[in-house]
Amino acid sequence: MEQLLKIENLTFGYDKQPVLENVNLEVHEKDFLGVIGPNGGGKTTLLKVILGLVKPDKGKVTFSEDLHKRKQPIGYLPQVRYIDRKFPITVLDVVLSGAIMQNKRRSKAEIKATAEKLLDDMGLLSISRKAIGELSGGQMQRVFLCRALISDPKLLILDEPDTFVDNRFEGELYEKLLQLNKEIAIILVSHDVGTISSHVKTIACVNKHLHYHPSNQISEEQLESYNCPIQVISHGQIPHTVLKHHH
Amino acid sequence: MSALVELFNYDFFQKAFLAAVFASISCGIIGGYIVSRRIVFISGGITHASFGGIGLAFLLGFNPLLGAVLFAVAAAMGIQFFTKVAEIREDSSIAIWWSLGMALGIIFVFMTPGYTPNLMSYLFGNILTVTNSELWWMLSLNVVIIGFFVLFFSKILYIAFDEEFARTAGLPVNLFNYLIIILIALTVVLNIRVVGIILILSLLTIPQASANLFTKDFKKLLILSSVFAFIGTISGLFISYFLDIPSGAAIIFTLVIMFGILRIGKSFV
């Protein structure tokens with residue numbers, strides 16, 4: 001499998017306090033990497049480094065040729081809690097914003113048709129003219145997934161997509177992701193190890209350091225040995241790995 | 001009615017009318033952006049800081065609007081610098097620049113020998129005394145603002161909505177932020193003559209609040225804000241003329257009453 005991105009000896013900190021230290025990671029084509037770890041452990045910071053939003057203090061991030069050449073190689077779904085729900089913008093405009101750097105390669109009509117197709121797939125076409133603030137959390141999440149996908153990315157990055165999602169859509173979301181994963185690599189950040197391990201292929205535990213776990217089965221002992229204490233949440237409807245109880 | 005038509009025969013009224021049109025468009029668009037992005041307080045800081053420049057211009061004897069532009073842009077950059085580089089909390093940075101500008105203005109005006117007759121018109125505005133050269137400046141600003149928003153509409157919208165996502169998409173976010181903050185500074189200063197430093201914030205927020213009652217679409221919000229700003233400004237102008245009260249205050253009063261009626265009216269529809 002072709003390598004998409006490589007992080008080598010990465011160290012990053014705010015105010016000289018390292019949030020990430022000596023992190024190494026490789027992401028290959030069609031990977032489905034779950035990123036878990038405690039709050040404040042550096043999960044979101046790791047995403048920011050990959051997305052180029054912050055510059056590493058030490059180490060480097062390299063992208064594959066193919067990823068580098070694309071205008072928008074990475075689809076990004078941020079945590080919806082940071083979105084201003086009162087902002088006057090329509091659902092369709094939010095999705096279109098994902099293709100902002102592609103207006104030279106695709107016509108406006110083509111981009112709009114793609115946006116409508118994506119919204120239709122998510123069952124949102126009928127509300128495409130609504131303001132973003134009128135949507136439920138789950139609907140909003142789907143709109144942002146459309147925005148991440150419209151640029152036809154090689155790599156999709158999702159930051160806690162299950163935070164606001166109702167149980168019904170959560171199943172649909174992971175089904176959708178599995179389908180997408182046939183073509184593109186996915187990095188999924190979650191605080192919910194139960195959900196993660198039943199969908200992802202590999203796991204990275206991030207708590208200042210990064211421990212790569214090359215399978216989706218992870219036990220509590222392993223999490224502890226990785227110095228990666230996290231809340232274990234179990235869900236009824238979704239198949240998941242049953243883990244030992246916390247003390 | 002004929003009294004209204006007759007008014008347009010007066011040169012001062014024709015100028016006031018043009019000033020109302022220009023102020024409505026620039027404040028409607030820039031205010032729509034400010035309100036959507038929740039940077040009303042920053043805009044307040046920039047506005048009040050410009051008083052320092054007006055004071056300096058009185059003291060040294062140059063065009064007060066030029067002084068105001070210099071201080072407004074300096075405050076805009078200063079607030080950004082304090083917040084991003086010096087890592088001072090944003091609301092505190094704003095308050096520092098806000099009060100520093102006002103304080104300097106008061107010191108400069110105090111040091112200016114003799115009486116400063118126009119001071120009140122900068123603080124509270126007087127649309128009836130707008131000059132030809134000020135009108136040309138306002139027109140130029142309108143052309144720049146409309147041009148900028150038409151050319152870069154999607155980019156402006158997407159950056160305003162989700163700056164971080166815009167960065168990941170490779171948009172020049174910092175450049176746009178600086179350009180727009182300069183446009184805000186210019187809009188504030190060139191409209192000072194219409195409603196004054198103390199009251200300019202109203203033209204940047206009240207028509208937008210009215211418009212926001214009817215639309216949640218950014219483009220429509222900008223256009224509708226300009227329309228409401230124009231209705232309020234022109235009605236205020238007439239009220240000010242016929243009741244013989246200060247124009248700036250009359251305009252604000254009209255804008256607020258209009259918002260109140262629309263808001264209450266909307267509850268019944």
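Okay, hi everyone. Before we start, this is a predicted model, so local features need pLDDT of at least 70 and side-chain atom pairs count only at pLDDT 80 or more, while totals for chains, interfaces and linings use all residues. As for bookkeeping, residues are numbered from 1 along each chain as its sequence is written, chains are lettered from A and ligands numbered from 1 in the order in which they are written, and side-chain values use heavy atoms, leaving out hydrogens and water.

Let's begin with chain B as a whole. It has 14 helices and zero strands; helices here are DSSP runs of H or I with at least four residues, strands are runs of E with at least two, and both are numbered from the N terminus. The radius of gyration of chain B is 19 Å, close to the 18 Å that the globule rule gives for 269 residues, so the chain is as compact as a globular protein of that length. That radius is taken over C-alpha atoms, and the rule is 2.2 Å times the number of residues to the power 0.38. Along its principal axes, the C-alpha trace of chain B spans about 60 × 55 × 30 Å.

How much of chain B is buried? Buried residues make up 52% of its 269 residues. Buried means under 20% relative accessible area, exposed means over 50%, and partly exposed is in between, with a 1.4 Å probe and protein chains only. Now contacts, meaning heavy atoms within 4.5 Å. Of the contacts in chain B with a separation of 6 or more, 76% are between residues 24 or more positions apart.

Which residues is B:Ser226 in contact with, leaving aside neighbours within four places in sequence? They are B:Ser24, B:Ile25, B:Gly28 and B:Ile29.

B:Tyr241 is also in helix α13, which covers residues 218–243 of chain B, but this tyrosine is partly exposed, with a relative accessible area of 33%.

On to charges. Over all chains, the structure holds 12 salt bridges, each being a side-chain nitrogen of Lys or Arg within 4 Å of a carboxyl oxygen of Asp or Glu. One of them joins B:Glu164 and A:Lys48, with the closest N and O atoms 3.6 Å apart. This pair crosses between chains, from helix α9 (residues 163–168) of chain B to helix α1 (residues 43–51) of chain A. Both ends are partly exposed: B:Glu164 at 28% and A:Lys48 at 22%.

Compare that with A:Glu116 and A:Lys112, whose closest N and O atoms are 4.0 Å apart in their salt bridge. These two lie in helix α4 (residues 108–121) of chain A, four residues apart, about one turn of the helix.

Back in chain B, B:Asp91 and B:Arg89 meet in a salt bridge at 3.9 Å, N to O. Elsewhere, salt bridges that share partners join B:Arg37, B:Glu163 and B:Arg167 into one network.

Last stop, A:His199, in the loop between α7 (193–197) and β8 (202–207) of chain A. This histidine is buried, at 14% relative accessible area. A:His199 and A:Tyr174 are 25 residues apart in sequence and 7.1 Å apart in space, C-alpha to C-alpha.
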